[in-house]
Amino acid sequence: MHRWINDFLTGRTIKVKVGGEISDSQTLDNGTPQGSVISPLWFLIMINDIPTENNAQSQTSIYADDGSLWRAGGNLKQVNKQLQKQLDDVVAWCDCWGFKISESKTVAVVFTKKKFQNFKLKIHGKDVCVKEEIKFLGMIFDSKLTWNAHINSLVSKCASRINLMRSITSHSWGASKSVLLTMYRALVRSRLDYGSQLLYTASKTALAKLDTIQATCLRICCGAMRGTATSAMQQDCGEMPLSIRRQELQLRIAVKLKYCENNPASSILQDSWQNHWGKYKPGHEPMYNITKSYVETLTTKHIEGPVYPNKEPWLCTPANVNLSLGEKIKKTDNPEFIKIHAR
């Protein structure tokens, strides 16, 4: 296996095409072939020993080639010092194993409601840009965690999908109600659901923008007039209010993390000193506090997870598929002829 991998990675060349011109062939000295199905596995093996410092204050998150470091604490100067040490360890590891950190894409955000100064992080002697917000894995995190920037981004992205629904329907013609509901759930609701477990801390004004998106889509789906009560359209379309749906998604992820305690995100359901510090506004408690009573009811019940076969897929008996129909008809045949034979 080692010789095969070495032969697969050694001596690979690459060319760049711009318009009708093709560059000279260049030999790749590092990296894995892009598009190969085995490249992600090798990448994960390669970064398996990247420095991580996971404890109550410091955390590391890596998803493919997107990574983040963060540290919590009340002393910003001490947080800055420890975070710089974490960053130096990662930079040293990258320099040792041929990885290059994109300095222009690396940014820092200080999550606090207090004013701060002189927060600096460096990579190879260059200052890391400190911003008020950052996009990470499809979520926009602002410095005060109001989620206003993320929700405004959702509104603008859903606008084009709502226009698409409008363009294929009218009061007297167009797509059916079931088709429009499928489009809403696939194109719009899927965006509203992504990361919605965290949006419960947003202001009522911000969350109302999401409710407006749902009401607009449901009005298109059921052909209702302006001014129709949103609750009536939700009942007619079989859609629950977004506030209740966010609670459902929270409970779903709580059950999932309870079943798989090795999940990297399982720490959000664990008690910590932050959960007992100070008082939280109603509806702004941590996920641990919100799901605690529900998760406790699961301790005496069996949670069923996915069932995997005992044998490796390549050792299982292949399915017996009858392909004789393909010998009698072809895709180019008359549709009626295909319909008769398919019966």
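Predicted model: local features only at pLDDT ≥ 70, side-chain atom pairs only at ≥ 80, totals over all residues.
**Helix packing**

The table gives the geometry of the two pairs.

| Helix pair | Residues | Angle | Distance between axes |
|---|---|---|---|
| Helix 5 and helix 6 | 177-193 and 204-222 | about 165° | 9 Å |
| Helix 8 and helix 9 | 242-259 and 287-296 | about 75° | 10 Å |

Angles over 145 degrees count as roughly antiparallel, and helix 5 and helix 6 are therefore roughly antiparallel to each other. The crossing of these two helices is right-handed. On the side of helix 5, the contact is made by K177, L180, L181, Y184, V188 and L192. Their partners in helix 6 are L210, I213, Q214, C217, L218, I220, C221 and C222. Sorted by class, the contact of helix 5 with helix 6 comprises 12 nonpolar residues, one polar residue and one charged residue.

For the other pair, helix 8 and helix 9 pack at an angle of about 75°, with 10 Å between their axes. That angle makes helix 8 roughly perpendicular to helix 9, because the range from 65 to 115 degrees is counted in this way. Helix 8 contributes Q250, L251, I253, A254, V255 and K258 to the contact, and these residues meet M287, I290, T291, Y294 and V295 in helix 9. The contact of helix 8 with helix 9 has eight nonpolar, two polar and one charged residues.

**The largest cavity**

Rolling a probe the size of a water molecule over the atoms shows where empty space is left. The count comes to one cavity of 30 Å³ or more. The space in the largest cavity amounts to about 40 Å³. Its lining consists of L192, D193, S196, L210, L242, R245 and R246. Helix 5 and helix 8 each supply at least two residues of this lining, and the largest share, three residues, comes from helix 8. In terms of class, the lining of the largest cavity is made up of three nonpolar, one polar and three charged residues. L192 and L210 belong to this lining and also take part in the contact of helix 5 with helix 6.

**The second largest pocket**

The second largest pocket holds about 650 Å³ of space. Its lining is formed by 20 residues, and those nearest the centre of the pocket are L9, N30, G31, T32 and M46. Two or more lining residues come from each of helix 1 (2-9) and helix 2 (39-46). The lining of the second largest pocket divides into nine nonpolar, eight polar and three charged residues.

Key: Residues numbered from 1 in each chain as written. Heavy atoms only, no water. 1 Å grid on protein atoms, 1.4 Å probe; cavity = no way out; pocket = protein on both sides within 12 Å on 5 of 7 lines; lining within 4 Å. Points joined across faces, edges and corners; volume = space filled by probe spheres on them. Helix = DSSP H or I, 4+ residues; strand = E, 2+ residues; numbered from the N terminus. Nonpolar A, V, L, I, M, F, W, Y, C, P; charged D, E, K, R; others polar. Axes fitted to C-alpha atoms, helices over the stretch in contact; angles between N-to-C directions. Parallel < 35°, antiparallel > 145°, perpendicular 65-115°, else oblique. Contact = heavy atoms within 4.5 Å. Left-handed = near helix turned anticlockwise from the far one by under 90°.
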